[in-house]
Amino acid sequence: MTILRLLFIPVFFGLVSLIPAPKQFTRFNFVLGALILAASSWLFVIHAHTKSRIFAFGENLMMDPLAALFVLLITSVGLLSAIYAAGYLFREGDAAISPLRLRRYAFFFHLFLFTMLLTVFSNNLGLMWIAIEGTTLASAFLVNVDDKKSSIEAAWKYLILCTVGIALALFGIILVYYSAISKMSGGERELLLNWTFLLDKSKSLDPQTIKLAFIFILVGYGTKAGLAPFHSWLPDAHSQAPSPVSALLSGVLLSCATYGILRFHILVQAATGSSFSGSLLVLFGLISVAVATPFILEQSDYKRLLAYSSVEHMGLAAVGFGFGGVWGTYGALLHIVNHAVTKSLLFYSSGHLLHHFQTKEIKKIEGIFRKNPFLGSVFFFAALAIAGMPPFSIFVSEFFILSAVFSAKRFVVCTILLFLLALIFAGFLRHAGQMTFGSPKEPHRPEKSFLMDSVLGLGMLLILVMGFYIPAPFHELIKEASLIVQGVAS
Amino acid sequence: MDTGFISSFIHFLGMMLLITSFGMIASPQVASCIRFYAMHSFLLALITALVAYTNHVEHLLIPAFLTLALKTMVIPQVFFRIIRRLGIRKEVESYVNIPFSLLLATLLVFLSFYMTGDGKILKSVSSREFMPLAVSTVFFGMLVMTTRKKAITQVLGLLLMENGLFLMAVTMTFGMPLLVEIGIFFDVLVGVIIMGVFVFKIREAFEGIDVDDMTVLKG
């Protein structure tokens, strides 16, 4: 298995899904593609010697432990979403979606996975920009599956805002290239945007230009990563997209954009030797948590509630990366993984809720537990988990991040964060309690789907286990990745 | 040709570039806005080719050719087809009237010359005044995007911004590596097509392409 072969898998299955064939074939092919992709990425990462870099396509593509972690994240959440979508979107009955739309959906789904994989495999920073713009273009059609007014509006906002953001990031990349080209001989032109090359030569880059570049990158990719105040597309797109897509957007797309910021953060650290980029990350992280809090407390739509919670968690991860150190970086990486699993689980259960209650309003839903004890308990515990309740996994990584802030002796930041997190916890408890308990109004019982329920069960198991125990190889991988982010590993 | 003539010709083209971007802001109809965009891209391609010729950076000729082919021919044609099928003849609707947006644009030009005209932070490798020109083109793109009501003019503003960034890359670094440059062209083309599809979807759902009709999602 090589990087190129891994990238080929989603392209192949995406194209096969376009074949006009019966619905069952599309569905089978759709899930099979995600399954093969996830299996081969795990095999690839396990067999690759984790500490070294693997290059492909003339050093334009590269996998190191940091990239490997994100590859596993993308393909695993991708697989869960694909299985869930096989039950959710391919359902029969009145709500059935036409085969043509499903084929198109399957195609863009695999294309979306491909662009995200390309993002994390890119060593060439320009190529990474192209891939991130590609994720916007591929997922715009996924946000708008049903052609309703609200979904078209969400998709349009998403397209325009993210493209403008990304255009600003392109300016940042031009600045990085400029700072490299003005200091070095012209013979290595094609190498000059390669991350590994820039990192080796980081001392000869102009610190002022690199700092200016980082500001543009942070605003540009930060738009995509959902950092406030550039997050305004996020709640719309997340609430209008079908649940499996929302899970992918929230769990992995935001993480991929954060990955883009991280690569530049590492460069700036190496080039300037200052905590300039770290302080900016902390600032925007705090703003994100603070902006998300009132919207979580006073929210009437449960999918938007989850979307704002994503803004909050991306902010927390940014704070962790900003403070850095062993705990902060490890905690932030772990937080990204845990958030991806927990948030996608919540979005899958929101798909169930929409199916059962036919509404997105929190006030109109009561007594999930009475109606469907399995769904009720999964939703309630997952909501508590995302709010940071032990023994679930999010608690562990939030604890790491907060202790990093605490050991950096930034007590004001720590107090603000704890206060906001307490408010968010209260908000989630109120909303989830109101939805879960009480007696249901209308006895509407849709048919059960084994596929969808099993995804919920699996996700619940994952967040519980990860709260107690992180498998040793996985722990090693995160540790290696956090060394790269700290700039310790060569 | 002697270099003095070519460099003053490049200066002339730079001024023409500024005039066409003013034209885009001043044009009262979508069709003329598209024509100005095509002219802008044509001048951009010519400038790129001349920079490549005078500085002996032959690899820049490929982006110059792609600009000529895609941005002056293919993309404007796509836009003309879209407005023909949408049947837009009306004037461009704007939140601020045209004289005021021209005033804003002039201020933005002053601002960008003030910020980058001295060449201290960002030195350009070829003609010096291209850096502020590129910055003001990016500003103009943002101005078009924020003040216009039609979804289609928002896309045009985005493309104007992209032209500005392209000019910036050419003047600061003689363009990005070829692989990246081609990838960006590919993204722009696919982006225009996808946004075009969405313009039609907006028309069907909202019975018009004014973006201020889109107010369903809040909070």
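**Chain contact and helix packing in a predicted model**

Visitor: How many residues does the contact take from chain A and from chain B?

Guide: In this predicted model, the contact takes 33 residues from chain A and 31 residues from chain B.

Visitor: Which helices of chain A each supply at least two residues of the side that touches chain B?

Guide: Those are α5 (125-143) and α6 (149-181) of chain A.

Visitor: And where does the largest share come from?

Guide: From α6(A), which gives 18 residues of the side of chain A that touches chain B.

Visitor: How do the residues of that side of chain A divide into nonpolar, polar and charged?

Guide: The side of chain A that touches chain B has 19 nonpolar, 6 polar and 8 charged residues.

Visitor: Switching to chain A itself. How many helices and strands are there?

Guide: Chain A has 19 helices and 2 strands.

Visitor: What percentage of chain A do buried residues make up?

Guide: Buried residues are 61% of the 490 in chain A. As for contacts in chain A with a separation of 6 or more, 81% are between residues 24 or more positions apart.

Visitor: Next, A:Val412. Buried or exposed?

Guide: A:Val412 is exposed, because it has 8 other C-beta atoms within 10 Å and the cut-off for exposed is 12 or fewer. A:Val412 lies in helix α17 (residues 411-436) of chain A.

Visitor: What separates the C-alpha atoms of A:Val412 and A:Phe197?

Guide: A distance of 39 Å, with the two residues 215 apart along the chain.

Visitor: Now helix packing. At what angle do the axes of α12 and α16 of chain A cross?

Guide: Helix α12 (residues 302-323) and helix α16 (residues 393-407) of chain A have axes that cross at roughly 45 degrees and come within 9 Å. α12(A) and α16(A) are therefore oblique to each other.

Visitor: Left-handed or right-handed crossing, for α12(A) past α16(A)?

Guide: The crossing of α12(A) with α16(A) is left-handed.

Visitor: Which residues meet there, in α12(A) and α16(A)?

Guide: On α12(A), A:Leu316, A:Val319, A:Gly320 and A:Phe323; on α16(A), A:Glu398, A:Ile401, A:Ala404 and A:Val405. The residues of this contact of α12(A) with α16(A) comprise 6 nonpolar, 1 polar and 1 charged.

How values were computed
Residues are numbered from 1 along each chain as its sequence is written. Chains are lettered from A and ligands numbered from 1 in the order in which they are written. This is a predicted model: local features need pLDDT of at least 70, side-chain atom pairs count only at pLDDT 80 or more; totals for chains, interfaces and linings use all residues. Axes are lines fitted to C-alpha atoms, for helices over the stretch in contact, and angles run from 0 to 180 degrees between N-to-C directions. Helices (H or I, at least four residues) and strands (E, at least two) are DSSP runs, numbered from the N terminus. Angles under 35 degrees count as roughly parallel, over 145 as roughly antiparallel, 65 to 115 as roughly perpendicular and the rest as oblique. A crossing is left-handed if the near helix is turned anticlockwise from the far one by less than a right angle, and right-handed if clockwise. Two residues are in contact if their C-beta atoms, placed from the backbone, lie within 7 Å. Ala, Val, Leu, Ile, Met, Phe, Trp, Tyr, Cys and Pro count as nonpolar, Asp, Glu, Lys and Arg as charged, and the others, Gly among them, as polar. A residue is buried if 20 or more other C-beta atoms lie within 10 Å of its own, exposed if 12 or fewer, and partly exposed in between; C-beta atoms are placed from the backbone.
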